[in-house]
Amino acid sequence: MKQFAKVLTLISLTNSVLFFTNCTLSSQKDALVLVPYNPPSTSELVGNLSRFDAMKQVLQAKCMSCHTGSTTSAPNFNLATEEEFINRGLVVAGSLAESKLVFRLRNYTVDNGVRNMPPTGALTGTEYTLITNWVSMLTRIVPPTVNGNEFVCNPNELPDSLNARRLSKNEYFNSLRSLFSRALGTTETDALLTQHNVFARVPEDVSITFATGDKNFSAVHAYEFFAIANSLSAGLIEGTRLSQFVSTFINYNRGTCAYTDAANLNLDCRATLARNFLLRAWGRPAETTNTNMNNELASFMQEFQLATSTAAGIEAIIFKALLSPQFLYHLQISVETTADPQVHRLTSYAIARRIAFIFNQTLPDETLLNLAATRNLADETSFIEAVNYATQNLDSSLSQFTREWLHIKQLPAYRDQTHPKFQLITQGLTANENLKSVMIREVTDLVNYIAKNNRPVSELFTSNVSLARDPNLMQLYGQNTPAPVTVTEQNAVRFPAGERSGLLTRAAMLFSGSHSENPILRGIHIRKYLMCLQMSDPPPGLPADSFTPPALDANLTTRQRYHNKTSGTSCVGCHSQINPVGFAFSKYNAFGAFQNTEPIFDVNNQLVNNLSTDARVNLQLALAINLDTTDAMDFSEYVSRSKEFKKCITEKFYTYANGLSEKPASNISCSMNRMYQGLDAGSTLQDFFKSTVLDSRFRFRKIDR
Amino acid sequence: MKYNRMNRRMFLQGTGKTLLSIPVLTSLLPCELWAQTTTAPTKRFISVIQGYDLGHNANWIPFTGNNAFNIPQPNRIFSGGRYQPLRDFAPTNSSVLSTYAGSAFSPYLESMNILRSLDFTGRYGHGGAQVLGAISADAGIRPDRGVLSTIPTIDFVLNSHRGFNPAGLPLINCGNTGFGPDNYSYSSVGGIAANATSVGEELLRIYNQLFSNGTLPENGGNSIAHPKYNILTRVLEDYTRVRNSRNISASDRTTLDNTLDKLSDVQRSLTRVSTAQCSHLQLSKTGSVFQIPSNAAVGRALADMITAAILCDSARVFTIGAASISGLFQAQADDHDTISHNPFASFNGKPSWQISGERHAATMRNFVAPLVQNLASAIDPTNGRSYLYNSLIYSTTESGQVHGWGSHPVTLFGNAGGRLTSGNYIDYSDRSKGAFMGADSDDTLRLFSNTPGTVNFSNNWYGTHYNRLLVTILQSMGLAPADYENDTLNRQLYNRTDIGTDNRNLTSLGGYGYGYPFDLTGADPTSWGFRNYVYPGLSNHDLRQFRNPLSLPT
């Protein structure tokens, strides 16, 4: 390990005079951030003193006449730190039901038990809420920062293991498409892939994080990969495809090969074809000696000897390549040793392939392969050049990330379509699956626009640029002009002031599928997925109708109905954290249309009223002390600045890019530290994504024997 | 559950590091090692279901004489409940087991499991397909079955799984139309649940389906291999070379070993006629599956036919309905209403529960026993074990009680290639929780008492959920949860959020198989149907176990 640290130090020194060019992170060299690592003290683990102090005032007023510690039956509440409350068993962070300080109170009504404190009578509602919120919020307090960072870099940190993982469904499909498009063009390739139903045949990825985190290789994978390799290899030698395939891959690097008939290749041309094809299929040249593992090229060349014809040999080579571990897996075995036997340096080809899959979700193209062939990508300048190239088009990768990050791969199903309110709010719209698709597409397009135009990350939450092009969605937005095909700062269609900003106000994020919006689900969605704030399950023993929407009321808005339903003592502890977040979006109906007034239906489903909507919220209990926002735009702007969001997206993208099957277990990560620092400094979205790979360790691999 | 299968790569790793330093080519291994490396046999699943209900008493299943078939409560404890080796009940002419199965199963007790206390989520009946997975069968009586319209039963799931059945061999549904497999085997073709297309009940039609009208090769027929079979051998050799690379981590190696195993399974499936054992004899007996309970020769002929089909690998999933519905017993016009629904009525001096029990026992003796005997005596060359060891036979009668949800009768034969242990009578009940009442289609017709010892049947000790058996079968056949679970197929109880309070705050359900197909999304939870059909199943069981395979004694 120390040897590896020396290697990194050497890299750092060697490159100390190199700066990024054409890159907004130019002030940050690709050297290690050598932040001294000091484990946080326990007392720092819980740190919101204002909430703590407020709670303590209640204890002082209502409990400490007895709880002075003078008797064992009345333990001392005059404790200086939150840690002491936890260590003495008075509270369990985040759990009201397990916190003695809570469940002994007369106000606590969730389940049976002794509830006799204080002896003089129940606390006021405010006092009780101050205590329960303090306990609840203890769950989301994160370890302390070091020098203002949410993550830390340990100088002795080893690189990642980069253990083998299967290509995700999208990566596999994109790789097939890019590989064969070289010879057949995209139209013919798409026809071939459609003919064999390739995309639908590959099992969906299943992961608690992102699709890239699904490492499972099931019997179905085995059979489908076999069947696809079988079909495509046969299809590629049919008719004129054979000559297209042969000429394309031989001409990449023809050497001394000369041929006139694609169906009759000599030994030289066969070797050229195999070599060039494997380079594109694997993203690296096939081994030609036994030095490292085996003579890979010889293994493929034998297929020509065993086949009955050149075409059959080519079919066998394609078949074998598509089933090979070098194609189906991210398998980092193209490495060079370092002074530390535990750490290997990735070759230029391995680095190029890794970059390509992170940023493009597919195999490296000719430019990246050429860079890998002609430059040393372990070298700082060359590496940055490769990264800058790969990040020119992030569309595919970013779209996939966005859909999964925001949990909008599938929007809710339509429900209650015959309800008069549904018909009212969908007037002029065609409520079909296409509408949902264009809603999702608009969000991914927005993220891609911000990345492509080098806009700051904060614009994810503040941009008023519309990406709506579909007439249905435009109708929903009240928009007359479709977004241009290529949107720039200059030609962008923008929403009217005060209506929408950023992705939280887009239809896909607001759509409920029904006639009524659900502010609770909206609040949970934002807290959980965009801010990574832990949400505990509802407590046991709730009344049977707890999970049904509140009844319609002729005199109440949706916000008011949900507020009333969740204002009981057993609900308010959690809902005071959830509801305000959802209420901030009260000016959007269940389809995401902007509404200054809400149509009110009574219990007989009759339209009886129109009431003004109110999106002003106090977020003191939900997110931060002294935080009020006036509307969804104001709220979104807060999110863009919040450390919760920055930390969350850092973890999420790091997880996605590295194909982790679970979120990083530790905040010790030089890569995430670097990502967060850039984000905190106002990085652009593109540079933020780039920063995922800029730690020197990215170009190494730790091998666990 | 105990998984005995030794992963081939695990075995190779265990043979010593010296082997790993060179390419592990099968040709380099000693013969005995090679034999042990091929431990992933082709598997088959055969379900045999006797239509209509069967009463059973406090000590469970089926008692066919006036003296109750009285298997005592098992005397040993394991993680899932209680168990006792079946050999303790070795059937002699006078033993309790002989009244159920006769002596035919005596040699195979070690390959057999009898399970009790597997309960459905809710009431079912009429050949309802809950037995193999999901839905009720009788649209006229169960108008709400449509809510589960896209859920196929597990025979379809297995047969359409490309890992289990790569060659796409046909699913063999044989039985009489209407109340045979048509009533418990469902595909999802066409959006609404479609009944399986039965081959029919006539033995000749089944024969022609299995053996392509007699055109499959006789003894010594040539193996038909896929054109890519040999290339796949070289793909596997490439995997072996890569996994032996020095630039590889332990985790990489495990990953590649798993892939290698899965691809090996694909390759093994690429030969259609597996061995020279394939021999389809002339059909020895014509007749109908319908006659199995009353005609031993018909039962044996079908058993021989299915055995030959397995040896020829012309099908891997067989669903057999040995039902008889009307007019067969005591000249009753409808033995469902007159016998099954009236277990304490008497016909020619026999209580109706005894008639039902005898019919089930006859199916066991006439068909299941010869099938078990055949498969136990034929050796599968892929791993040197019997075909019975490599297969799983599931035999049952349709209902636990008259449309009841309690304690479905389950008998299993075989070990699914070593994935399941066997040889035990297993009771999953927790009798400390007491018993619950069975009920028929209205509250006035309570056939079953919750008080043990009454004259009425009283056997509904709280057990575990029947769905776990379906999950156990699927997993033992080699499927992973991802192969059979998704929220499209399983939408009825998948990720429900509104039943939690009755089930320890359970907020998510998923997995294969359901109880009564009640539309939870639209039903009034206070309605009679919910209270009587759905609620008991939800409230009686810890549904957090819904997706887990059953534990089996080791």
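The legends below describe several close-up views of a predicted model.

View 1. Among the contacts in chain A with a separation of 6 or more, 69% are between residues 24 or more positions apart.

**View 2. An open sheet of 3 strands in chain A.** The strands of this sheet lie in the order 3-4-11, and their pairing is antiparallel. Strand 3 (335-337) and strand 11 (700-702) of chain A are the edge strands, each of them pairing on one side only. Neighbouring strands of the sheet are turned against each other by 40° on average, when direction is ignored. Strand 4 (residues 343-346) of chain A runs antiparallel to strand 11 of chain A and is joined to it by 3 bridges, and in this part of the sheet A:Arg345 stands opposite A:Phe700, a residue of strand 11.

**View 3. The aromatic pair of A:Tyr414 and A:Phe591.** The structure holds 40 aromatic pairs over all chains, and the pair shown here counts as stacked because the planes of A:Tyr414 and A:Phe591 are at 25°, with the ring centres 6.1 Å apart. The pair links distant parts of the chain, since the two residues are 177 residues apart: A:Tyr414 lies in the loop between helix 17 (395-405) and helix 18 (420-425) of chain A, whereas A:Phe591 lies in the loop between helix 25 (569-583) and strand 7 (597-601) of chain A. A:Tyr414 is buried, with a relative accessible area of 13%, and A:Phe591 is also buried, at 0% relative accessibility.

**View 4. The tilted aromatic pair of A:Phe585 and A:Tyr588.** The ring centres of A:Phe585 and A:Tyr588 are 6.4 Å apart and the planes stand at 40°, an arrangement that is classed as tilted. Both A:Phe585 and A:Tyr588 are buried.

**View 5. A cluster of aromatic rings in chain A.** Ring pairs link A:Phe210, A:Phe401, A:Trp405, A:Phe461, A:Phe645, A:Phe653, A:Tyr656, A:Phe688 and A:Phe689 into a cluster.

**View 6. A charged side chain over a ring in chain B.** The charged end of B:Arg385 sits over the ring of B:Tyr389, at 3.7 Å from the centre of that ring.

Key. Residues numbered from 1 in each chain as written. Chains lettered and ligands numbered in written order. Predicted model: local features only at pLDDT ≥ 70, side-chain atom pairs only at ≥ 80, totals over all residues. Heavy atoms only, no water. Contact = heavy atoms within 4.5 Å. Pairing = 2+ DSSP bridges. Helix = DSSP H or I, 4+ residues; strand = E, 2+ residues; numbered from the N terminus. Axes fitted to C-alpha atoms, helices over the stretch in contact; angles between N-to-C directions. Phe/Tyr/Trp six-rings, centres within 6.5 Å; stacked < 30°, edge-to-face > 60°. Buried < 20%, exposed > 50% of the residue type's maximum accessible area, 1.4 Å probe, protein only. Lys NZ or Arg CZ within 6 Å of the ring centre and 35° of its normal.
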